[in-house]
Amino acid sequence: MTFSAVYPQGASGQGIGGYDLLSTADRSFAFDYDHSGKLDHSVLYQPGTGAIYILKNGNGTFSPVYEQGAPGQGIGGYDFKSPADHAFAFDYDHSGELDHIAVYRPGTGTFWILENNNGEFSAVYQGVAGIGGYNLLSTADSAFAFDYDHSGKMDYITLYRPGTGTIWILKHDGNDFIPVYQQGDPGNGIGGFDLASNVDSAFAFDYNSTGRQDYFVLYRPGTGVIWILQNSNGAFTPVYGQDDPGQGIGGYDLKSPQDLGYAFDYRQDGKQDHIVFYRPGTGVIYIVEES
């Protein structure tokens, strides 16, 4: 397959939809703004400044449906004033739609979940002491949505603390979040992957092309280490593993500390069953599939 740009902005470009992308702190993720079941809006934000845009695509022209420039007021009462702030799309109400925004501030215990009512954002969850028993008191803490029960819904939250073996998976039950898997600090990681390095990273992945992101990818940049874990009734086991030193995956060696990865729908079939790995500053990028 040949790739070509449908929207290009090279170096010294103008960003997108009025968001200039001129800060090294800028971050972005896909979002279901209009509850359609499609991740067809982009959220761009700049931690520490209160800036956040949500962009829609009108035949290749991007325009904001929500905007707060820098300095801004954030969104839904969450100010985005800390450089540590992170955000991701989440299925809070088990609808199968990633139409809520989870925002958190590692090292402080702050975790909010925002809902969208016709462009008005408000908090449905405001945690100041973490979430579901996970205290979020380490600056290394990271979180992402996960399909724990193979439902096709990204309605669980995974939180982990690289370098300590700590990882929790939380279920949203009524007004509460409760752990279905937990390894405290210090912990033993998950499925044999020890999470003992402070560079360890993880994301959800559709390993067997079912349309469900119910596997974990865990990797250790700079070492070639990567594991893919399956979940069988709460017991996690590897379906792919490369120990330290490892060979990476699909020809991508994972030998640089800069390496980053994420799941990707390569065939446009609603399945995030490919993995993108890339090496910022080098031009290196691979898309790999299981074969």
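Start your tour by selecting the open sheet of four strands, ordered β1-β2-β3-β4 with antiparallel pairing, in what is a predicted model. Colour β1 (27–31) and β4 (61–68) next: these are the edge strands, and each of them pairs on one side only. Look along the sheet and follow its twist, which averages 25 degrees from one strand to the next.

Now zoom in on β3 (residues 51–58) beside β4. The two strands run antiparallel and are joined by seven bridges.

Select Tyr134 and Trp168 to see one that is edge-to-face, with 5.7 Å centre to centre and 85 degrees between the planes. Tyr134 sits in the loop between β8 (120–127) and β9 (142–146), while Trp168 belongs to strand β11 (residues 166–173), so the pair links distant parts of the chain, 34 residues apart. Are these two residues buried or exposed? Both Tyr134 and Trp168 are buried.

Move on to Tyr181 and Phe236. Their ring centres are 5.7 Å apart and their planes stand at 75 degrees, which is why the pair is edge-to-face. This pair also links distant parts of the chain: Tyr181 lies in strand β12 (residues 176–183) and Phe236 in strand β16 (residues 235–242), 55 residues apart. Tyr181 and Phe236 are both buried.

Key
Residues numbered from 1 in each chain as written. Predicted model: local features only at pLDDT ≥ 70, side-chain atom pairs only at ≥ 80, totals over all residues. Heavy atoms only, no water. Pairing = 2+ DSSP bridges. Axes fitted to C-alpha atoms, helices over the stretch in contact; angles between N-to-C directions. Phe/Tyr/Trp six-rings, centres within 6.5 Å; stacked < 30°, edge-to-face > 60°. Buried < 20%, exposed > 50% of the residue type's maximum accessible area, 1.4 Å probe, protein only.
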